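Here's a quick briefing to read with the model open. Take a look at it first, then work through the points below.

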Amino acid sequence: MSKPSSKHTPQPVSSRTTYALGALALVLLAVIVFAVYRWNQGSDQPRNDGYGSVHDAAVSVALDSDGAIVLGKPGVAKTIEIFEDPICPACGNLERIYGQEIAQQLDEGKFAVRYRLVSFLDGMSKSKDYSTRAVAANECVAQAGDGRVYSKFHELLFTTKQPEERGNDHDNQALAAIAKEAGASDDVARCITGGQRIDTARNHAEAAMKALEGKLGDDAGTPSIFIDDKRIDWQNDNWVLDAAK
């Protein structure tokens, strides 16, 4: 192993060199700060802002026997699977940033979405059962079969109407009012206010969580997105457009 000579005398760096290196460091720091700022600005802005929820009446919604809610046009070849908890803040960010872009791709028949709703964050709500009741409300809306109504309800529930963790949440009457705002029928509202699907939704949410744990093990969390069992990085700005290819 080579070693420095004991007779070597370190040479001082000139003042001009010191200033030049300092200036270069400041420039590099400014570039990094600007890049981080631009990245944060871009990633936090809603994609396709102004589009809204699904428009096309041909987009349908179905409630599968395992509790999965499938939204899309009939016969679509590709399906995206999204695991969400109704009170999960990151799920709210996902829907706020990408929800409108997803809606347009659903309208264009590029893919369908299979929502797997979980309720492991019940304890983070003031009522201690908000996630379960919100899953039940989703099922009430979905079983009516109107894709546009479900899309709007889902959008509201995860964006402007989403409660904060440990804050006040919606009771069943408030959830029914959100469904009515989205265009749901009186029958759907009664399903929600009467808690008709709460027990079933609880079982479905537990099954969805087990399915997620089966895919990710100890890393299971929400939101999680899969295409053909391959996990998708939803923090990649172009993931929706990539999925639509």
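Which residue does a disulfide join to Cys140? The partner is Cys191, with an S to S distance of 2.0 Å. This is a predicted model, where local features need pLDDT of at least 70, side-chain atom pairs count only at pLDDT 80 or more, and totals for chains, interfaces and linings use all residues. Numbering runs from 1 along each chain as its sequence is written, and side-chain values use heavy atoms, with hydrogens and water left out.

**Disulfide**
- The structure holds one disulfide (a pair of cysteine sulfur atoms within 2.5 Å).
- Going by the -70° about the S-S bond, the Cys140 and Cys191 link is left-handed.
- That pair ties together distant parts of the chain, 51 residues apart: Cys140 sits in helix 3 and Cys191 in helix 6 (residues 186-193).
- Helices here are DSSP runs of H or I with at least four residues, strands are runs of E with at least two, and both are numbered from the N terminus.

**Helix 3 against helix 7**
- The axes of helix 3 (residues 130-142) and helix 7 (residues 198-216) come within 8 Å and cross at roughly 105°.
- Axes are lines fitted to C-alpha atoms, for helices over the stretch in contact, and angles run from 0 to 180 degrees between N-to-C directions.
- Helix 3 and helix 7 are therefore roughly perpendicular to each other (the label covers 65 to 115 degrees).
- On the helix 3 side, the contact (heavy atoms within 4.5 Å) is made by Thr132, Arg133, Val135, Ala136 and Glu139; helix 7 brings Ile198, Thr200, Ala201, Arg202 and His204.

**Largest pocket**
- The largest pocket has about 210 Å³ of space, a volume being the space filled by probe spheres set on grid points joined across faces, edges and corners.
- A pocket is an open set of points on a 1 Å grid over the protein atoms alone, where a 1.4 Å probe fits, with protein on both sides within 12 Å along at least five of seven lines; lining residues have an atom within 4 Å of a point.
- Of its 16 lining residues, Glu95, Gly99, Gln100, Glu155 and Thr159 are the closest to the centre.
- Helix 2 (89-107) and helix 4 (147-158) each supply at least two lining residues, and helix 2 gives the most, with seven.

- Thr222 to Pro223 is a cis peptide bond, with omega near -5°, and Pro223 is in the loop between helix 7 and strand 5 (224-227).
- Asn48, in the loop between helix 1 (15-44) and strand 1 (60-63), has a positive phi near 60°.
- For context, most residues other than glycine have a negative phi, and most peptide bonds are trans.

Terms used
Angles under 35 degrees count as roughly parallel, over 145 as roughly antiparallel, 65 to 115 as roughly perpendicular and the rest as oblique.
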